[in-house]
Every structure is written in C-alpha cells, then in structure tokens.
Amino acid sequence: MPKPVTILIGALGGDGGGALCDWIVSAAQSRGLGVQATQIPGVAQRTGATTYYVEVMPAGAAPSSVLALNPAIGEVDVALATELLEAGRMIFNGFVTPDRTTLIASTHRVLAIGERMAMGDGSFDVGRLLRAVKERSREQILFDMDQAAEESGGVLNAVLLGALAGSGKLPIPDSAFEAAIRQAGKSIDTNLAAFAFGRGHARGELEQAVREHRKRQTSVQGAEDLVDRGRRSYPAASLDVVEEGIRRLTAYQDRRYAALYLDRLDTVQALGSAELLREVARHLAVRMSFEDVIRVAQAKTSAERVARVRAEVRAKDHEPLEVTEHFKPGIEEIAALLPPSLAGRLLNWGQRTGRVGKVYFSMHVRTTTILGFARLRLVAGLRWWRPRTSRYVEEQAEIERWLGQIRAAAPLGLELAREITESARLIKGYGDTHRRGLGNYRRIADEVIAPALAGRITPRAAADAVANARVAALADPEGDSLSKTLAAIAAAMPLRQAAE
C-alpha cells in the first residue's frame with residue numbers, strides 16, 4: 001500500500017500557518033492527489049503553539065485511502081517551523097527523527113514568554129538548538145526566513161512554502177504551488193516573490209550569489225588572504241563562522257586585527273576538537289568586536305542601518321526620515337576612550353567624589369541632519385585610536401585569560417572547555433551592562449573555573465557547575481541568584497573532592 005507524505009507545521013499565532021496549510025492542500029488537490037489536513041489553533045503568539053498536520057498521498061493512490069488526523073511520533077516525513085524554537089518543540093515532542101524527518105525551519109527567534117520575563121538574557125541557547133536540529137533530523141533546510149520575507153517583500157509563510165517546494169519532498173510541481181497562491185487572491189505578487197526566494201534558497205541557487213557577494217566584500221576590505229588562510233587551516237564545519245569573524249573584525253578595526261583573530265584560533269585548533277573550534281570562533285569574534293562608543297557610532301551611521309530603518313517604517317524614497325539617537329554616557333564610558341593611565345585617574349576621581357554610576361551626560365543627536373551625522377561620523381572615525389584606549393587594553397587581557405582557561409580545560413575534558421567557552425555570553429554591551437556582566441564572569445572564573453583547573457573539582461562536575469553558574473548569572477544580572485548558586489557549588493566542593 002502506498003504511504004502518504006506526512007507534514008507537520010509548527011507556527012506562531014500571526015505567522016500565517018493556516019494559509020500555508022491551505023496552499024499545500026489546494027496545490028495537492030489541483031494535481032488530483034488525496035490530501036487531508038487537521039488544524040489545531042493554539043494560543044496567540046508565544047504563549048502556545050499553533051500546529052497543522054497534512055497527509056498527501058502519492059500519485060496513483062486509491063482515492064479511498066484512509067488518512068490520519070494527527071501526527072504519530074516517529075512518523076513525520078517533513079516538519080516545517082516558522083521559528084527556531086518551534087523546531088525545538090517538535091524535536092522535544094518526538095515528531096522529528098533522524099531516520100526519517102526533513103526539517104525545514106527559519107533560524108530567526110521570537111522570544112517566548114519565559115525568555116522575556118528573565119531579568120537578564122533569558123533566551124534559549126541558539127547553538128544548542130541548532131545542534132539538536134542537526135542531530136535529530138535526517139535532512140535540514142535552515143535559513144532566516146523572516147529576513148528573506150523582508151528582502152523579498154513578502155511574508156514568512158510564503159518563504160516556507162517555497163522552501164518546501166524546493167525540498168522536492170512532495171509530488172507537486174512548483175506551478176501548482178504558485179497557482180494555489182494566485183487562487184487565494186491575497187498579496188499575490190509579493191507572495192510569489194517570497195515563494196521564489198524560499199525555493200531558490202532550498203535548492204542552493206542563492207548560495208553561489210551569497211558566496212560571490214562575500215568574496216567581493218572581503219576583497220574590498222583587503223582580507224581575502226586571511227579567508228584563504230582560514231580555509232587552509234580549519235575544518236570545513238567551522239569555516240562559515242571563521243570567515244564571518246574575519247569580515248566582522250576587518251570592518252570593526254582593520255586587517256591586522258582580523259589576523260590576530262586567526263592567530264588566537266590557531267591555539268584552539270591545536271586542541272583537536274572541530275566543535276570546540278567552531279564555538280570559540282563564534283564567541284571570539286563577538287568578544288573582539290566589543291561594544292564601545294566608537295562601535296556604536298559606526299553602527300548608527302552605517303548605510304545598512306539607514307536602509308533598514310527606512311524599510312521598518314515603510315518610508316518611500318521621496319519621503320523624509322528623521323532619526324534621533326539617545327546617548328547617556330557616564331564617567332566610565334568617557335574613561336574607556338582614554339589611555340589606561342588617564343582613565344585610571346579619571347575613574348579614581350569619580351570614585352572619590354561619588355560621581356561614578358551617578359553622573360551621566362544626556363545627549364540627543366539627530367543623525368538625519370548634517371551636523372548630527374557628522375558628529376557621530378567623527379566618533380566612528382576614531383578606530384585608529386581604539387588600540388590605545390583603556391577599554392581595548394582591558395578587553396584584550398580578558399580575552400587572553402578566557403582563551404587560556406579554555407586551553408587549560410581541554411585536556412581535562414572537552415565538555416568543561418565548551419562550558420567555559422559559553423561563559424563568554426555573560427560579557428556584552430558597555431557601561432553598566434558590561435560592568436555587571438564582566439563582574440559576574442570574573443566571579444565564576446575565580447570561584448568555579450580556577451578550582452576546576454587546579455583539580456579541586458572533577459571535570460564533569462566542574463562543567464555542570466560552570467553551566468549552572470552561567471544560567472544563574474544570565475537570569476539575574478544583579479548577582480543575587482549567582483551568589484546562591486556559587487554558595488551551593490562551594491558547599492558541595494568538598495564532597496566532590498572526596499568522591500574524586
């Protein structure tokens with residue numbers, strides 16, 4: 001007996017999952033295929049999933065074939081997810097399996113209620129979500145469909161339909177899907193454009209164009225030889241991250257700074273773990289492009305940002321746009337731009353007088369005026385000065401300390417090295433945000449990582465302890481939750497030593 005192709009769709013309220021389901025059903029019916037769909041609306045937005053289940057019989061199957069109303073665990077051929085956590089939800093529920101399921105999902109994130117409620121960064125670990133996606137599914141088609149929808153002028157569900165068509169998993173030609181979109185009669189041109197974009201992405205038709213664009217971008221930046229060096233030195237699985245890191249750091253500072261990035265990665269490559277190299281490359285690129293006033297000015301005056309803002313507010317080319325940037329630098333932000341000796345004097349004065357953390361200079365800068373734009377471009381042009389600043393010196397020292405911990409942990413256990421790598425997530429932003437994150441990281445480094453590297457905690461227990469401390473710090477950046485977690489780890493440490 002011929003078996004149906006089973007399709008499970010996981011969507012958010014407002015993502016158009018119902019329209020996507022209807023398009024699939026309409027396309028199948030136009031080809032004379034047996035098809036049945038079940039729609040299970042959930043709660044709106046991120047408080048609940050909205051799921052749809054479709055079964056499509058192959059050509060020539062008997063019209064009287066019996067089709068199921070609900071998906072069965074381990075029997076889903078194609079899983080579609082409009083957002084990455086929805087893909088994780090289907091994996092957790094057992095519907096996505098490595099022996100059968102093709103997973104087609106958008107990699108963008110819409111935070112769940114629990115993630116939004118967290119005091120700090122309560123978002124799920126995207127790296128772990130992606131690993132689960134790749135380990136628990138047979139094939140994957142993954143890209144940022146939300147961005148693709150924006151670039152094509154369409155909507156996400158049409159991009160997802162195009163990716164489904166491009167996967168070749170259904171006995172339905174592209175023309176039938178396009179006819180279904182036309183028959184629905186809503187935003188036909190933009191939905192067809194989004195459909196074509198998704199289909200091209202799934203079939204790899206856009207990859208060459210993307211590679212050529214990146215090659216041109218890298219060539220302009222003068223870092224093409226660094227990309228070639230990375231391709232010769234590192235495993236293929238890490239090259240996308242490494243190459244993006246090279247481009248990011250060349251734009252952030254210069255070619256020499258990107259070369260330093262590769263020099264640091266060489267020491268991690270020597271540890272022999274491709275997975276660890278990829279994770280370090282990702283976090284190292286972010287850490288080396290730390291946010292300071294110069295970086296903020298670069299971002300706020302970039303042509304890409306202006307274009308994005310115009311697209312977000314739907315401003316036409318002939319319509320004027322006014323953007324007002326709000327800045328509130330304090331003594332610490334000003335000191336960060338000074339050489340270490342002068343910065344130390346300013347901070348000491350601020351602490352003696354009680355001004356640190358209390359005195360700020362509020363500024364409103366209209367970057368759509370000549371004067372306002374020129375002010376920020378002047379600050380952005382201080383890249384040459386950045387290596388002389390106290391913030392740069394401090395960041396480089398912290399990065400070297402972090403890399404040294406990773407190298408020391410790897411011989412003890414790769415899991416511990418990976419958890420130390422992930423601890424870099426605590427350090428971000430500038431001003432108060434950076435100060436709190438760095439303080440929490442240093443507490444974990446001193447009270448958990450250092451004892452582990454000294455052999456006072458077993459590597460497995462140390463990996464768990466670092467992970468628990470990191471989660472506590474992200475959930476409560478003020479440090480109360482971290483203090484309790486570190487106290488619990490310290491109390492259990494003698495027991496672990498005895499067990500060792």
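Q: Which side chain meets that of E400 in a salt bridge, at 2.8 Å from N to O?
A: The model is a predicted one, in which local features need pLDDT of at least 70 and side-chain atom pairs count only at pLDDT 80 or more, while totals for chains, interfaces and linings use all residues. Residues are numbered from 1 along each chain as its sequence is written, and side-chain values use heavy atoms, leaving out hydrogens and water. A salt bridge here needs a side-chain nitrogen of Lys or Arg within 4 Å of a carboxyl oxygen of Asp or Glu, and the partner that E400 finds at 2.8 Å is R264.

Q: How many residues apart in sequence are the parts that E400 and R264 tie together?
A: Helices are DSSP runs of H or I with at least four residues, and strands are runs of E with at least two, both numbered from the N terminus. E400 belongs to helix α19 (residues 390–409) and R264 to helix α12, so their pairing ties together parts of the sequence separated by 136 residues.

Q: Is R264 buried or exposed?
A: With a 1.4 Å probe and protein chains only, buried means under 20% relative accessible area, exposed over 50%, and partly exposed in between. E400, at 35%, counts as partly exposed. R264 has a relative accessible area of 6%, which means that this residue is buried.

Q: Which residues do salt bridges that share partners join into one network?
A: E400 and R264 come from helices α19 and α12. Elsewhere, salt bridges with shared partners build one network out of D174, E178, R199 and R203.

Q: Which helix holds D266, the salt-bridge partner of R229?
A: The closest N and O atoms of R229 and D266 are 2.9 Å apart, and D266 is partly exposed at 30% relative accessibility. The two residues stand 37 residues apart, R229 being in helix α10 (residues 224–233) and D266 in helix α12.

Q: How many salt bridges does a search of the whole structure find?
A: The search through the whole structure gives a total of 29.

Q: What is the orientation of α7 relative to α8?
A: Axes are lines fitted to C-alpha atoms, for helices over the stretch in contact, and angles run from 0 to 180 degrees between N-to-C directions. The axes of α7 (residues 174–184) and α8 (residues 188–202) come within 9 Å and cross at roughly 150°. Angles under 35 degrees count as roughly parallel, over 145 as roughly antiparallel, 65 to 115 as roughly perpendicular and the rest as oblique, which makes α7 and α8 roughly antiparallel.

Q: What is the orientation of α14 relative to α18?
A: Helix α14 (residues 293–300) packs with its axis 8 Å from that of helix α18 (residues 370–380), at an angle of about 130°. That angle makes α14, relative to α18, oblique.

Q: Which residues of α18 meet α14?
A: Contact means heavy atoms within 4.5 Å. From α14, the residues V293, I294, A297, Q298 and K300 take part, and those they meet in α18 are L376, V379 and A380.
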